[in-house]
Amino acid sequence: MNMYKMENNMYKMENNMYKMEKNMYKMESNMYKMENNMYKMENKMYKMENNMVKKENNMALLDDGWQEVDGRDAIKKEYVFINFIEAWSWMSSIALESEKNNHHPEWYNVYNKVEVIWSTHDVGGLSLLDIKMGYFCDNTYKRHEQNDY
Ligand SMILES: C[C@H](O)[C@H](O)[C@H]1CNC2=NC(N)=NC(=O)C2=N1
């Protein structure tokens with residue numbers, strides 16, 4: 001009779017082992033899912049942070065005379081120089097930096113005035129590159145003779 005009991009106990013133990021193993025697999029699978037969700041959340045956080053930085057920088061530029069373009073996700077500003085040569089020389093500096101960043105302006109020049117628009121065509125709106133180039137335009141402008149009437 002002890003033999004039967006022992007055998008029976010053995011079966012029970014074996015059965016419990018299987019159950020534990022199954023649970024382990026489930027736990028492992030849940031861990032992977034949680035990890036995956038964590039990555040997704042982290043990714044969302046990065047995107048939100050990036051958008052916040054973009055908005056903050058954008059606001060700062062708007063304070064510096066940049067305007068939003070009607071009906072477009074783009075910013076524009078008009079610069080006035082002392083003459084055509086100053087305007088063209090400033091445009092050359094911007095052109096070189098644009099090539100470096102592979103990010104190019106939309107602009108319109110008449111004599112000593114240049115209107116610049118920044119927008120990222122690849123994403124159909126503003127990106128951090130536009131803001132970076134906006135700052136570059138302003139900083140370069142400071143080194144040119146101006147005519148602010
Ligand atoms: C193919 C080339 O890299 C892309 O078209 C670049 C070039 N310059 C650019 N300039 C701007 N302003 N926006 C862009 O999306 C852009 N894309």
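Me: How far apart do the C-alpha centres of domain 1 and domain 2 lie?

Reply: They lie 48 Å apart. Domain 1 covers 1-63 and domain 2 covers 67-141, with bounds that come from an automatic or database domain assignment. Keep in mind that this is a predicted model: local features need pLDDT of at least 70, side-chain atom pairs count only at pLDDT 80 or more, and totals for chains, interfaces and linings use all residues. Residues are numbered from 1 along each chain as its sequence is written.

Me: How many residues does the contact take from domain 1 and from domain 2?

Reply: Four from domain 1 and five from domain 2. Two residues are in contact if their C-beta atoms, placed from the backbone, lie within 7 Å. On the domain 1 side, the touching residues are one nonpolar, two polar and one charged. For those classes, Ala, Val, Leu, Ile, Met, Phe, Trp, Tyr, Cys and Pro count as nonpolar, Asp, Glu, Lys and Arg as charged, and the others, Gly among them, as polar.

Me: Okay, helices next. What describes two packed helices?

Reply: The angle between their axes and the distance between the axes. Here, helix α1 (residues 2-63) packs with helix α3 (residues 128-141) at about 30°, axes 10 Å apart. Angles under 35 degrees count as roughly parallel, so α1 is roughly parallel to α3. The axes are lines fitted to C-alpha atoms, for helices over the stretch in contact, and angles run from 0 to 180 degrees between N-to-C directions. Helices are DSSP runs (H or I, at least four residues), numbered from the N terminus.

Me: Which residues of α1 and α3 make that contact?

Reply: K54, N57, N58 and L61 of α1 meet L128, I131 and G134 of α3. Sorted by class, that gives three nonpolar, three polar and one charged.

Me: And at what angle do α2 and α3 pack?

Reply: Helix α2 (residues 84-101) packs with α3 at about 150°, again with a distance of 10 Å between the axes. Over 145 degrees counts as roughly antiparallel, which means that's the label for α2 against α3. From α2 the contact uses W90, S93, I94, E97 and N101, and from α3 it uses L129, M133, F136, C137, T140 and Y141.

Me: Last one: which residues surround the ligand?

Reply: A residue is near a molecule if its C-beta atom, placed from the backbone, lies within 6 Å of it. In this model N102, H103, H104, T120, H121 and D122 surround the ligand. That shell has no nonpolar, five polar and one charged residues.

Terms used. Helices (H or I, at least four residues) and strands (E, at least two) are DSSP runs, numbered from the N terminus. Angles under 35 degrees count as roughly parallel, over 145 as roughly antiparallel, 65 to 115 as roughly perpendicular and the rest as oblique.
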